[in-house]
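My entries follow in the order in which I made them.

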Amino acid sequence: MIDWSVVANELIRTRRVLATHRDFGTAFGVFHIKQPFVPRLRNKRINLPTVVRLSTQIRKNGAPEDLPQMTYRFLGRSGLQVSAISLGGWLTYGGYTENEKTFECMKAAFDTGINFFDCAEVYASGKSEEVMGQAIKKYGWKRNDLVISTKLYWGTAFGDNPVNNKGLSRKHIIEGMDASLKRLELEYVDVIYAHRPDRQTPMEETVRAFNHLINTGKALYWGTSMWDADEIAQAWRYADKLGLIGPVVEQPQYNMLYREKVELEYAKLYREVGTGLTVFSPLAQGLLSGKYKNGIPDDSRLAQQQVEFIAGWWKRTGKEKFDETIQQINQLEPIANDLGIKQSTLALAWVLKNPHVSSAIIGASSADQIYENVRAVAAVDKLTPEIMDKIDEILNNKPPALVERY
Ligand SMILES: NC(=O)c1ccc[n+]([C@@H]2O[C@H](COP(=O)([O-])OP(=O)(O)OC[C@H]3O[C@@H](n4cnc5c(N)ncnc54)[C@H](OP(=O)(O)O)[C@@H]3O)[C@@H](O)[C@H]2O)c1
């Protein structure tokens with residue numbers, strides 16, 4: 001026999017629910033869900049047996065109870081809403097993060113209200129799409145609660161001859177999409193990206209091919225990644241001329257160390273064609289979290305020399321440049337301390353402060369990193385103009401503002 005008063009008092013004590021009707025003697029006391037651990041139930045009235053069922057879920061969930069409520073932003077000019085923080089699988093999922101950890105991360109993300117997951121055909125030669133697709137199946141999430149994206153361009157792992165398995169030809173876009181959907185075990189993705197511009201394929205062919213994916217129900221929106229502003233504008237010119245759909249979103253790198261594309265180059269696109277941004281590497285691959293200030297932790301990304309990209313990164317960057325960057329990043333620590341937040345939270349909140357950013361796509365090798373990073377949603381308002389100026393002084397890389405009229 002359940003003692004409802006004990007259950008109810010415990011849930012109130014741990015601040016999981018607000019009591020609105022303290023009729024603890026029966027199973028029919030009505031409660032308001034307070035914490036966003038089950039986002040769809042927030043602020044709903046529920047009865048005690050439901051509270052009990054949920055409290056079991058909470059224990060399984062393991063997310064800290066004081067996480068802020070996730071916020072959602074429109075993807076540019078579209079009607080699609082994505083969580084301000086999203087999760088991607090590059091290098092980690094299907095790569096240096098074990099599958100069980102990947103599942104944990106995706107579950108932790110979903111539990112915090114993250115609805116947007118990003119992948120690409122090239123990530124871990126398709127294994128990233130496979131494991132992320134498995135997580136979606138494993139947890140039985142509703143497809144309509146999720147926003148899934150993947151990217152096409154580098155499909156060379158899937159053929160014996162690279163020529164037609166790479167780039168943005170109609171052939172690779174259509175064949176690449178079918179292969180990605182198979183790996184993801186999905187009928188469609190929400191957003192399909194052109195992972196880079198293909199300057200050898202006519203733009204009209206590429207625009208028509210992405211529209212074909214939309215018209216055949218394999219993707220709902222299309223976007224670009226690391227395209228130049230004039231290439232995005234050209235895609236829109238073809239789309240407008242042909243009565244087709246243009247790219248609603250661009251996926252560039254954007255973080256405290258890499259700003260020019262987002263803050264200067266794309267400035268006219270936001271107004272002209274309503275480009276939204278889902279920005280990648282918001283922590284500069286973890287550098288901006290401050291974790292490298294005392295050297296390179298064994299379990300960190302930059303220690304993964306066996307990963308081809310990381311070995312190449314070290315060659316391109318060099319130890320001297322790395323040390324210089326770390327010294328600069330260290331100067332941000334007191335600002336984070338004064339605000340009572342972690343350095344990673346400061347870096348992510350700084351990205352989210354830009355109103356053109358629809359979502360910051362983080363990577364994570366543990367659930368705890370996700371919980372920590374989600375806190376950035378609540379820290380955006382702490383970044384006053386004075387603090388933003390202080391940060392700019394340290395970074396010394398603010399691009400000039402666009403001259404509107406001389
Ligand atoms: N379109 C493109 O060309 C492109 C390119 C790159 C990425 N992306 C997308 O963007 C996503 C994110 O990129 P990214 O992985 O470079 O993002 P990131 O968020 O800048 O870096 C993620 C890495 O930083 C570390 N980290 C995360 N949170 C941390 C915390 N709170 N404290 C300490 N360390 C933390 C983790 O690495 P460790 O724990 O292993 O050190 C994690 O894997 C990718 O998965 C992908 O979807 C797209």
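I take helices (H or I, at least four residues) and strands (E, at least two) as DSSP runs numbered from the N terminus.

Before going on I noted that this is a predicted model, in which local features need pLDDT of at least 70 and side-chain atom pairs count only at pLDDT 80 or more, while totals for chains, interfaces and linings use all residues. Residues are numbered from 1 along each chain as its sequence is written.

I then looked up α5 itself, which has 15 residues and reaches 21 Å from its first C-alpha to its last, close to the 21 Å expected at 1.5 Å a residue (the expected span is 1.5 Å times one less than the number of residues). Which residues of α5 are buried? I found His172, Ile173, Gly176, Met177, Ser180, Leu181, Arg183 and Leu184, where buried means that 20 or more other C-beta atoms, placed from the backbone, lie within 10 Å of the residue's own. They cover an arc of only 155 degrees around the axis, which puts them on the same side of α5 (the arc is that of the directions from the helix axis to the C-beta atoms). These buried residues pack against α4 (127-139), β8, β9, α6 (203-215) and β10, contact meaning C-beta atoms, placed from the backbone, within 7 Å.

Next I traced the closed barrel, whose eight strands run β6-β7-β8-β9-β10-β11-β12-β13 with parallel pairing; two strands pair if DSSP finds at least two bridges between them. β12 pairs with β11 (residues 249-250) over two bridges, and with β13 (residues 357-362) over four. Val249 has Gly276 as its bridge partner, and Leu277 stands opposite Val357.

Last, I looked at the largest nonpolar core, which has 87 residues, with Leu87, Ile192 and Ala360 making the most contacts inside it (such a core is a set of buried Ala, Val, Leu, Ile, Met, Phe, Trp, Tyr and Cys residues joined through C-beta atoms within 7 Å). Helix α12 (residues 343-352) gives the most to this core, with seven residues. Among the residues that Ala360 touches I noted Ile85, Val279 and Leu348, not counting residues up to four places away in sequence.

How values were computed
A residue is buried if 20 or more other C-beta atoms lie within 10 Å of its own, exposed if 12 or fewer, and partly exposed in between; C-beta atoms are placed from the backbone. Two residues are in contact if their C-beta atoms, placed from the backbone, lie within 7 Å.
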